[in-house]
Amino acid sequence: DPAPAASAFRLFECVWQEASPEVASGLRFTLDTRDFADPSSGRKLGLGSSAALAVALSALLQPRDRLEKAALAAHRRFQDGSGSGVDIAVAAHGGLLGFRNGHSENRVWPAGLCLQLFWSGTPVSTPGKIRQLEQQLSNPARQPSLAALCSASAELAASWEAAEATGVLAQYLSYNAALRAFDRDQALGIYHGGHEDMHALASRHDVVYKPCGAGGGDIGAALAIDAGALARFARAARPLGFAALDARLDCAGCTANGRQV
């Protein structure tokens, strides 16, 4: 196989520079993020592979009490200063988290709520979308839709904190309306890449659907109380080019030798 390009090691270099470890002898690393890629095409799924790798490397090179802070600093350097840190928090802690202003709190998954993640087949650059949004928000006329989305996000976060499945699903209807309005106003294309069709399909199957991350491709999430309805939705999504992923909630977070770091 040909040697990887120098850019393939940039994340490793960012983590290493943040740690500045004193190495007494040679080290050998095997970095494997194949579970974060589509096995047939090799394209990234958009599940936060770089954040997971930053956390795993930082756990090896950093003291435990610096793990999350160091991984976040390295990951932001890798992404040229962008990123909220939520992917780092999820990789470090696992489980369901509430995340606001750089701080995470544990949440309880609502009883009876079913989740299915879908791969659109189209990878998207999140940093590129963030830069585009920053340019858009320099225009004050575009800021009200952001305020409306923040308000809807706060209400949705409160419904997750209450951990009641029907309340979460009901709140997603308001949140999706705010997200779609925000998307149109900012011209970000969050619902491009097939997400608009998935959203319409979900409404016909008693399922709530939303794009994840920057949208425009990558991953989407579907939620329902009826597991059968979710399975039927997954089958109906195949002709749209969306594949249901075998991904489940992992409550362990970062582990070493089977123990949580």
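How far apart are the mean positions of the positive and negative charges of the protein? The mean positions of its 24 positive and 25 negative charges are 1 Å apart, where Lys and Arg count as positive and Asp and Glu as negative, while His and the chain ends are not counted. The place of a charge is taken as NZ of Lys, CZ of Arg, CG of Asp or CD of Glu.

The structure is a predicted model, in which local features need pLDDT of at least 70 and side-chain atom pairs count only at pLDDT 80 or more, whereas totals for chains, interfaces and linings use all residues. Residues are numbered from 1 along each chain as its sequence is written, and side-chain values use heavy atoms, with hydrogens and water left out.

**The whole protein**

The protein has 9 helices and 8 strands, these being DSSP runs numbered from the N terminus (helices H or I, at least four residues; strands E, at least two). Along the principal axes, the C-alpha atoms fill a box of roughly 60 × 45 × 40 Å.

Of the 261 residues, 38% are buried (buried means under 20% relative accessible area, exposed over 50%, and partly exposed in between, with a 1.4 Å probe and protein chains only). The protein exposes about 14,700 Å², of which carbon and sulfur atoms supply 52%; accessible areas come from the Shrake-Rupley method with a 1.4 Å probe, and for residues only the protein chains shown count as cover. Among the contacts (heavy atoms within 4.5 Å) with a separation of 6 or more, 65% are between residues 24 or more positions apart.

In helix 4, which spans residues 86–93, the buried residues are I88, A89, A91 and A92. They lie on the same side of helix 4 because they cover an arc of only 165° around the axis, the arc being that of the directions from the helix axis to the C-beta atoms. An α-helix has 3.6 residues a turn, so residues three or four places apart point the same way. The cover over the buried residues of helix 4 includes helix 2 (49–61), helix 3 (67–78), strand 1 (96–100), strand 2 (103–107) and strand 8 (259–260). After helix 4 comes G94, with a positive phi near 70°.

Two of these covering elements contain residues that can be described individually. S49 lies in helix 2 and touches T33, F36 and K44, leaving aside residues up to four places away in sequence. G98 lies in strand 1 and, with the same exclusion of residues up to four places away, touches H103, S104, E105 and R107. From C-alpha to C-alpha, G98 and A37 are 26 Å apart in space, and they are 61 residues apart in sequence.

Most residues other than glycine have a negative phi. A163, however, has a positive phi near 55°, and D206, also not a glycine, has a positive phi of about 55°. A163 sits in the loop between helix 6 (143–162) and helix 7 (165–186), whereas D206 is found in the loop between helix 8 (195–203) and strand 4 (208–211).

The table gives the accessibility of the individual residues.

| Residue | Relative accessible area and class |
|---|---|
| S49 | 13%, buried |
| G98 | 17%, buried |
| A163 | 27%, partly exposed |
| D206 | 69%, exposed |
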